[in-house]
Amino acid sequence: IYEQRLAHPYPVGYSSSDAFFHQSESQWMKEQGVIKYALPSMEGGRKDVYDSHPPFVFEAVGVLSYASGLEVYDAIYLLVITMLLLLALIMYVIIRRFNKNVAMMATPLTLLVYTPPFSQVIFYGQWLFIAGALFMIASFWATSRLEERHMYLVLTIFMAAAAIAHQPELLFAAMFITAYLAIRWVMKR
């Protein structure tokens with residue numbers, strides 16, 4: 001679908017309204033310079049409606065578009081693919097800490113995310129979820145290394161990033177960390 005090219009003359013591979021919405025919102029943020037108000041065409045033409053969507057993807061795509069010279073509709077795909085690759089890398093690092101062989105066997109399975117029906121998460125515009133999942137898994141990684149110096153700070157940064165990327169993943173990360181710390185505390189006593 002993406003024709004093995006980085007830049008296109010028009011949006012390619014958009015399969016749902018979510019994808020077009022996120023691309024439009026990112027373009028609006030790039031043009032306005034800030035996301036405070038929602039795109040008027042998404043709010044029935046009303047202006048000055050506060051945007052309730054988490055801003056991470058929109059702002060990151062605007063910055064990436066300016067920095068790379070790519071159009072927003074291409075920059076957003078570049079960001080999404082990069083986030084998925086980072087997500088796979090973090091999962092590998094987490095699994096490798098427990099079992100190197102399992103980590104090596106699991107790594108090729110991450111390629112399934114680029115094949116149908118799993119690729120729907122990319123082409124149907126579930127990009128806020130991908131960003132939230134990246135920071136949620138990064139929070140799990142930081143939690144597994146809490147004994148290292150200043151890892152609480154790294155965990156805090158990942159949790160804050162999850163908060164501005166996609167809040168449901170922040171909730172899951174907070175529940176996991178709470179359970180992990182409670183179990184760790186009980187086992188030490």
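A contact means that heavy atoms lie within 4.5 Å. Among contacts in this chain between residues at least 6 apart in sequence, 61% join residues at least 24 apart. The model is predicted, so local features need pLDDT of at least 70, side-chain atom pairs count only at pLDDT 80 or more, and totals for chains, interfaces and linings use all residues. Residues are numbered from 1 along each chain as its sequence is written, and side-chain values use heavy atoms, with hydrogens and water left out.

**Overall structure**

- The chain contains 8 helices and 0 strands, where helices (H or I, at least four residues) and strands (E, at least two) are DSSP runs numbered from the N terminus.
- Its C-alpha trace spans about 60 × 40 × 30 Å along the principal axes.
- Of the 189 residues, 40% are buried; buried means under 20% relative accessible area, exposed over 50%, and partly exposed in between (1.4 Å probe, protein chains only).

**Helix α8**

- Helix α8 covers residues 167–188, and its 22 residues should span 32 Å at 1.5 Å a residue, which agrees with the 31 Å between its end C-alpha atoms; the expected span is 1.5 Å times one less than the number of residues.
- Glu 169, Ala 173 and Ile 177 are buried in α8.
- Seen down the axis of α8, the buried residues fall within an arc of 70°, so they line one face of the helix; the arc is that of the directions from the helix axis to the C-beta atoms.
- An α-helix has 3.6 residues a turn, so residues three or four places apart point the same way.
- The buried residues of α8 pack against α6 (127–143) and α7 (151–165).
- On the other side of α8, the exposed residues include Leu 171, Thr 178 and Trp 185.
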